[in-house]
Amino acid sequence: MQFVSDPPITVKIRKMNERVRWRHSLIAERSIDQTRMVVDDGKDDSPDFSFLVVGDSGSGRHGSQNPQRQIAEQMAAQRDSCRFVLHTGDVIYLVGSKEYYSENFIKPYREFLAGGEHPDRITYDKMVFNLPFLPVLGNHDYYDLPLLYGLVAFAAMPIRRLLQSRLDLDVGLHGSEQGKAYAKAFLDYLQGVNDWELGNHLDQHYTAKTETGRCLRYEPGRFTRLPNRYYTFRYGGIDFFALDSNTFNGPPPLPATKEGDAYRQLLEKRRDELERQKVEIAATSSRLNRNVPDEAEHLDDLRTKLEQIEELTIDINKQLAADATTVTDFEQLDWLKQKLIESWNTEEVRGRVIYFHHPPYVTEATKWQQAQTLTVRRHLRWVLDGVSVVVGDQTQGRPLVDLILNGHAHCLEYLRSDDTGHADSNLNWIVCGGSGYSLRRQREEGPDLMETFWESEGKDILKVAKSQLFIGRNGQGSKKRRPYSFLRIDVKEGCPPKFIVRPFISERFQRQWTAHESDSFEI
C-alpha cells in the first residue's frame with residue numbers, strides 16, 4: 001500500500017490556478033503579469049550581490065538533534081550580507097501538511113521571519129519575511145495521504161506497523177490538500193480575497209511596472225508573497241526563473257511491445273519487493289528505542305530508507321499508470337521558452353539562472369535513472385532547443401543559461417553537461433537538496449552520466465554529463481558521516497557574470513556536529 005499519494009498533474013495545475021485566480025477579469029483589466037514580480041529592497045540594481053540556496057529541508061526533529069536547524073543557524077550568520085534565499089523545494093515533509101509548518105519551517109528559519117523571536121505566534125499562512133525567501137514547489141509539498149489512510153490506517157498493512165513503529169514520519173492527520181498549504185504559506189492566495197476586495201488588493205500590491213505590464217511588488221518585512229507557482233524576477237541584471245517541475249515530470253507511456261511488457265513486469269516485481277522492504281523496516285524500527293543514541297541514529301537511517309522506498313514506488317507507479325492521457329504542462333514550458341527569448345533580447349540582462357525541484361542531471365543513487373529525471377531532462381531540452389533556434393548567434397558562444405539549480409536529490413552536487421546534441425550542452429548544474437531531511441549516497445557507477453540515443457541505425461550510448469563535486473552520506477557504521485549543506489553564491493559585476501559558489505556544511509559524525517565552509521568554486 002502506498003503511504004503517500006501524488007495528485008494528477010491536471011489537478012495540480014487547476015488547483016493552483018484557482019488559488020491565484022489565474023487570468024481573472026480584474027487582473028486582465030489591469031494588464032497584470034501574474035508570472036513576474038519585483039523584489040523591492042532598494043538594492044536590486046546592484047551588479048554585485050549574494051544569495052543563499054537551500055533545499056529539501058523540511059524535516060522536524062531527528063531525536064534530540066535537528067539538521068535543518070543546524071543549517072539555518074549557519075544561514076543566519078550570512079543573512080545580513082545576502083539579498084535573498086532560493087529554496088529548491090520540499091519545504092515540508094512528509095506530506096506538506098499545514099500542521100507541520102510551525103516545527104518544520106517557522107521555528108528552524110525564525111531569523112528570516114518578521115516576529116521570529118516569538119515563532120509560536122506565527123501561523124503558516126501569515127508569514128512575512130525580513131529577507132526575501134523565494135521557494136519553488138517540491139513533490140512533498142503536493143503530497144497527500146491516501147484516502148484509505150483515514151479509513152483503515154489501523155487495519156492496513158504496512159501502514160499499521162509504520163504507525164506503531166518508532167519512526168518520526170512527520171505525518172499527522174492531513175496532507176498538503178493538493179498543494180494548498182504551500183499556496184497559503186507562500187503565494188498571494190487570491191482565492192481567499194473577497195470579490196469586492198480584489199480590485200483594491202491588486203491596486204495595493206501589484207504596482208511594479210515592467211515591460212510586460214504591472215506585476216507584484218515583493219516588499220521584505222511588509223508583503224512577501226509570490227505571484228504564482230512559477231515566476232520570474234530580475235535582480236542585479238540577472239533574470240531568475242522559478243519553475244514548478246511537478247507538472248512536467250510525467251513519464252511517457254510504456255511501449256506496447258514485447259520489450260515494453262517485459263519492462264512492465266520488471267517494474268511490478270520491483271514494486272512488490274519495495275513493499276516487502278517497508279514491512280521489514282516497520283518491524284525493525286518497532287524494536288528500537290529513540291532514547292538510546294545508537295538506536296536513535298539507526299531509526300533515522302530507517303526513516304531515510306523508508307522515504308527512499310516511497311519515492312521509488314511513486315516513480316514506478318507513475319510509469320505503470322502513464323498512458324496517452326498523461327499530461328505535460330506545456331503552457332509553463334512555452335512560458336519559459338518565451339521568457340528566455342525575451343531575456344536574450346533585453347539589453348540590461350547580463351545573465352540567467354533557472355531553479356526548480358527535479359534535477360535533469362544527478363548522480364545521487366536513487367534519482368539518477370528515475371523516469372521523472374529523464375522526463376524533466378527531455379522537456380528542458382525541448383525548451384532550450386527552441387530558444388536556441390530563435391536566439392541563434394546572439395549568444396556569441398555563451399551558454400543559454402548561466403546556472404541551473406535543483407533539489408529533490410538529497411545531496412550537494414555540481415555537474416557539467418557535455419555535448420548532448422542539444423542546447424543543454426556545456427551547462428552548469430547544481431543540486432542543493434541536502435539541507436535537512438535526509439542524505440543519500442552517490443551511485444556506485446561513478447561520476448559519469450551516460451545516455452542512450454536511438455538512431456535509425458540503432459542505439460548509441462554517450463556520456464552526457466560529469467559530476468564535479470558530490471557531498472552526501474558516506475562511510476559505514478561508526479564511520480558514517482552526514483554532511484548537510486546549503487550554498488552562498490556571490491554574483492560579480494560584468495557580462496557575462498561570474499558566480500562564486502561557496503558550500504557550507506553542518507556535519508553529523510559520531511553523534512557530534514561540526515560546521516565549516518567548504519572550498520568555493522567559480523562558474
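Colleague: Is Arg36 buried or exposed?
Modeller: Arg36 is buried. Its relative accessible area is 10%, and the cut-off for buried is under 20%. Bear in mind that this is a predicted model.

Colleague: Where does Arg36 sit?
Modeller: Arg36 belongs to strand β1, which covers residues 32–39.

Colleague: Which side chain does the side chain of Arg36 make a polar contact with?
Modeller: That of Glu211, at 3.0 Å.

Colleague: And what else is Arg36 in contact with, leaving aside neighbours within four places in sequence?
Modeller: Besides Glu211, the list has Thr210, Thr212, Cys215, Leu216, Pro227, Thr232 and Arg234.

Colleague: New topic. Which residues touch the most other members in the largest nonpolar core?
Modeller: Phe105, Phe233 and Phe240. That core has 117 residues.

Colleague: Take Phe233. What is it in contact with, beyond four places in sequence?
Modeller: Met37, Val39, Phe84, Leu86, Leu134, Ile238, Asp239, Phe240 and Tyr355.

Colleague: What lies apart from that core?
Modeller: Another core, of 11 residues. Leu254, Ile281, Leu302 and Leu306 are among them.

Colleague: Now strand β10. Which way do its residues point?
Modeller: The strand runs over residues 403–406. Leu403 and Leu405 point one way, Ile404 and Asn406 the other. All four of these residues are buried.

Colleague: Which strands pair with β10?
Modeller: Strand β9, residues 351–355, pairs with β10 in the parallel sense over three bridges. Strand β12, residues 428–432, also pairs with β10 in the parallel sense, over three bridges.

Colleague: What are the bridge partners of Ile404?
Modeller: Ile354 is bridged to Ile404. In β12, the partner of Ile404 is Trp429.

Colleague: Which helix goes with β9 and β10, and what do they make?
Modeller: Helix α12, residues 371–391. Together β9, α12 and β10 make a right-handed β-α-β unit.

Colleague: Last one, Gln178. Where does that lie?
Modeller: In the loop between α6 (159–164) and α7 (180–186).

Colleague: Why is Gln178 classed as partly exposed?
Modeller: Because its relative accessible area is 26%. Partly exposed sits between the buried limit, under 20%, and the exposed one, over 50%.

Colleague: How far apart are Gln178 and Lys15?
Modeller: In sequence, 163 residues. In space, they are 7.5 Å apart, C-alpha to C-alpha.

Colleague: What does Gln178 touch, not counting residues up to four places away in sequence?
Modeller: Lys15 is one of the residues touched.

Technical notes
Residues numbered from 1 in each chain as written. Predicted model: local features only at pLDDT ≥ 70, side-chain atom pairs only at ≥ 80, totals over all residues. Heavy atoms only, no water. Buried < 20%, exposed > 50% of the residue type's maximum accessible area, 1.4 Å probe, protein only. Helix = DSSP H or I, 4+ residues; strand = E, 2+ residues; numbered from the N terminus. Pairing = 2+ DSSP bridges. Right-handed = clockwise from strand over helix to strand, strands pointing away. Polar contact = N/O pair within 3.5 Å; in protein donor to acceptor, adjacent residues only side chain to side chain. Contact = heavy atoms within 4.5 Å. Core = buried A, V, L, I, M, F, W, Y, C linked by side-chain atoms within 4.5 Å.
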